[in-house]
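Trainee: Hi! Could you walk me through a structure today?
Mentor: Happy to, let's open it up.
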Amino acid sequence: MELSTTGPHTTPNPGTKVIVTGAAGGIGAALIAALAGLGCQVAGIDRPGTALPDGLAAIPLFEADLADESAAAAAVEKAVSLLGGLDCLIGAAANVASVHRATTFPPSTFRRDIESNLLSQFWTAQAAYHPLAESNSANLVLFSSTGAFDGLPGQVSYAAAKAGVIGLVRTLAAEWADSGIRVNAIVPGLVATPKVLALPESTRERILRNVAMKRLVEVDEIVASVLFLMSPGGGAITGQSLRVDGGAGINTEGLYHA
């Protein structure tokens, strides 16, 4: 592949047809705004009863419970039909509300969290395969979490589901490479979304003690990372997990100090 010497290599090309799940969330909405601003054709999918911010009212939004394989497939099919094809599916949908210690985790809640955070990613990816295979620049970008690698006390279901996303990405990248589909994972740390900013300051400070850069990840930094994975510059990247976490989990203490 020859890259243009004048155009950008770090963003998707104008006209790229993209579906974003979790579209009404802080990261999903920011992705849609950035993609639309680059001239991409975008459609969103989110759970019933959600809505995009006022500034994105012109973007088509399909409602579906993505944990239901039939509903997920139907929503993807409708979005692909509207867009007239598909070049990229971004799986940003997630449910992070459940907090229980592992010994008392309610079975029904655990099952629901696995369905909403892992199965939903597979159902939408599976539904997107055939239209992606017809694209000349196909991408699948799924969202995982640092909890998949580092653990997440109090949220064992979420950490387990997001670890499953990593296995899903690695396997789909291997199976779908012959179809020209690149598959990668974004692995965010603690991101400055409205939900995170609403946490008690003491909670944020406690978590950030284990982050080398001692700050939250900005939403725009997550967006830029996704755009790069979709771009011509990322054309040889597949099966990878890109941590965008400010150095979370890095050991910052050693035997010697300056």
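Mentor: Before we start, contact here means heavy atoms within 4.5 Å. Also keep in mind that this is a predicted model.
Trainee: Got it. Which residues is Asn-117 in contact with, leaving aside its neighbours within four places in sequence?
Mentor: They are Ala-94, Asn-95, Tyr-158, Ala-161, Lys-162 and Val-165.
Trainee: And where is Asn-117 placed?
Mentor: Asn-117 is in helix 3.
Trainee: Buried or exposed?
Mentor: Asn-117 has a relative accessible area of 0%, so this residue is buried.
Trainee: Back to Asn-95: which of its atoms lies 2.7 Å from a polar atom of the Asn-117 side chain?
Mentor: That is the backbone nitrogen of Asn-95.
Trainee: New topic: how many aromatic pairs are there?
Mentor: The count comes to three aromatic pairs. One of them is Phe-105 with Phe-110, an edge-to-face pair at 5.7 Å centre to centre, with 85° between the planes.
Trainee: Are those two buried or partly exposed?
Mentor: Phe-105 is buried at 10% relative accessible area, while Phe-110 counts as partly exposed at 30%.
Trainee: What about Tyr-129 and Trp-176, why is that pair tilted?
Mentor: Their ring planes are at 50°, so the pair is tilted, because only planes under 30 degrees apart count as stacked and those over 60 as edge-to-face. The ring centres are 4.9 Å apart.
Trainee: Which parts of the chain does the pair link?
Mentor: Distant ones: Tyr-129 is in helix 3 and Trp-176 in helix 5, 47 residues apart. Tyr-129 is partly exposed at 22%, whereas Trp-176 is buried at 9%.

Technical notes. Residues numbered from 1 in each chain as written. Predicted model: local features only at pLDDT ≥ 70, side-chain atom pairs only at ≥ 80, totals over all residues. Heavy atoms only, no water. Phe/Tyr/Trp six-rings, centres within 6.5 Å; stacked < 30°, edge-to-face > 60°. Buried < 20%, exposed > 50% of the residue type's maximum accessible area, 1.4 Å probe, protein only. Helix = DSSP H or I, 4+ residues; strand = E, 2+ residues; numbered from the N terminus. Polar contact = N/O pair within 3.5 Å; in protein donor to acceptor, adjacent residues only side chain to side chain.
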